[in-house]
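The structure comes before the discussion.

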Amino acid sequence: MTLIDLANPTRFLSLTARILPWLAAATAILLLVGLYQAAMAPDDYQQGATVKIMFIHVPNAWLAMFVWGVMSLAALGTLVWRHPLADVAAKAAAPIGAAFTFLALVTGALWGRPMWGTYWEWDARLTSVLIMFLMYLGLIALWRAVEDPSRAARAAAILTLVGALNLPIIKFSVDWWNTLHQPASVLRMGGPSLDRTFLIPLLVMAVAFSLLFVTLHLAAMRNEILRRRVRSLQMMQASRRSA
Amino acid sequence: MLSGPHASFVVTSYALATAVVLILIVWIAIDYRRQKARLRELEASGVTRRSGRGVADI
C-alpha cells in the first residue's frame, strides 16, 4: 500500500481499523513506562518535586506546536492539492491540539506558582501560546459556523496558515525577548542541558504523548469521514423526498 | 516519590492531564458510535452509498 492509496477514504478506514488497536496498545504501554519513570525520578535540587510537572508540561507544549504544524501541512493539502483527506485531517486535529495547548498552559501555570511566585505573567512565550490556544478555539468555531464543508475548509486552511506565523514566534520568543520563561533546554544548539535522570523520562513521555496524538487523530479522522458520509446520505434522502 | 510543600501542584497537574486525555478518548469513542448509528439508521431507511458499501464494511 502506498501513500496515494491513503488518499481514498475507504482504504483509509480499512487500514486504520487494522492499525488503531496496535497503536492504542503501544501508547498505553509507553504512557505507563513514562509515568513510572516520572514517579521514580528524584527531586531537582532547585525545583524540588515540581520538576515532575515538566514531564507532562513539555510534551504537551511540543505537541501544541506540532499539531498546528500538522494542520498547516493539511491546510496546504486543502488549498494547493485539494487532497480529499486534508481538511478531514485538519478538522480532526484541532480539538486534540487545543486540548494539548490547554494542558501546556495550565500545567505551566501550576509549575509557575511555586517557582516564579505567580500563575501567569504576560511574557512573550506565555502570551504567544495563549494566542495559539485562542486560534485553535477560533478554528473549531469556524468549522462549526460554516455549513458548506468546502467553504469551511478553505476559510479554515487560510486561518491555519496565518496562525502558523505564530510558531516561530513561540519557539524563539525566549531568545528574542527578555522573558520569565526559561530558554530551550532540550532542543537547543549544543545538545540538551538536562541531566539524563530527567531527560530520559521526559523523552519517553514525549514519545508516549506523540503516539497518543497519532492514535486519537486517526480515530477522530475516521469519525469525520463517517460524519461526511452521513451528511451526503442525508442530502440524498432529502433530495429523494423532494423529487 | 512525591513529597514536599509543592506536592499538591504536581498531583493537580497529573490529575488534570489524566482527566483531559480521558475526556478526549471518551468523546471520540462516543462520536464514533453516534456516526455509525446514524449510518445504520439511514441504511435501514433505504438510503445507501453508490458503491453499495455499508456500515458493516467499516
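## Leu35(A)

Leu35(A) lies in helix H1 of chain A, which spans residues 9–40; helices (H or I, at least four residues) and strands (E, at least two) are DSSP runs, numbered from the N terminus. Leu35(A) counts as partly exposed because it has 18 C-beta neighbours inside 10 Å. On this scale a residue is buried if 20 or more other C-beta atoms lie within 10 Å of its own, exposed if 12 or fewer, and partly exposed in between, with C-beta atoms placed from the backbone. Between the C-alpha atoms of Leu35(A) and Ile56(A), 21 residues apart along the chain, the separation is 9.4 Å.

## Basis of the model

This is a predicted model, in which local features need pLDDT of at least 70 and side-chain atom pairs count only at pLDDT 80 or more, while totals for chains, interfaces and linings use all residues. Residues are numbered from 1 along each chain as its sequence is written, and chains are lettered from A and ligands numbered from 1 in the order in which they are written.

## Phe102(A)

Helix H3 of chain A (residues 86–116) contains Phe102(A). With 17 other C-beta atoms within 10 Å, Phe102(A) is partly exposed. Leaving out residues up to four places away in sequence, Phe102(A) touches Phe133(A) and Val20(B); two residues are in contact if their C-beta atoms, placed from the backbone, lie within 7 Å.

## Helices H4(A) and H6(A)

In chain A, helix H4 (residues 124–145) packs against helix H6 (residues 166–176) at an angle of about 160°, with axes 8 Å apart. H4(A) is therefore roughly antiparallel to H6(A) (angle over 145 degrees). Axes are lines fitted to C-alpha atoms, for helices over the stretch in contact, and angles run from 0 to 180 degrees between N-to-C directions.

Residues of H4(A) in this contact include Ala124(A), Arg125(A) and Met132(A), and those of H6(A) include Asn166(A), Ile169(A) and Val174(A). By class, the contact has 7 nonpolar, 3 polar and 1 charged residues. Ala, Val, Leu, Ile, Met, Phe, Trp, Tyr, Cys and Pro count as nonpolar, Asp, Glu, Lys and Arg as charged, and the others, Gly among them, as polar.

## Chain B and its contact with chain A

Chain B has 1 helix and 0 strands, and 16% of its 58 residues are buried. The contact between the chains takes 34 residues from chain A and 29 residues from chain B. The chain B side consists of 17 nonpolar, 7 polar and 5 charged residues.

Conventions:
Parallel < 35°, antiparallel > 145°, perpendicular 65-115°, else oblique.
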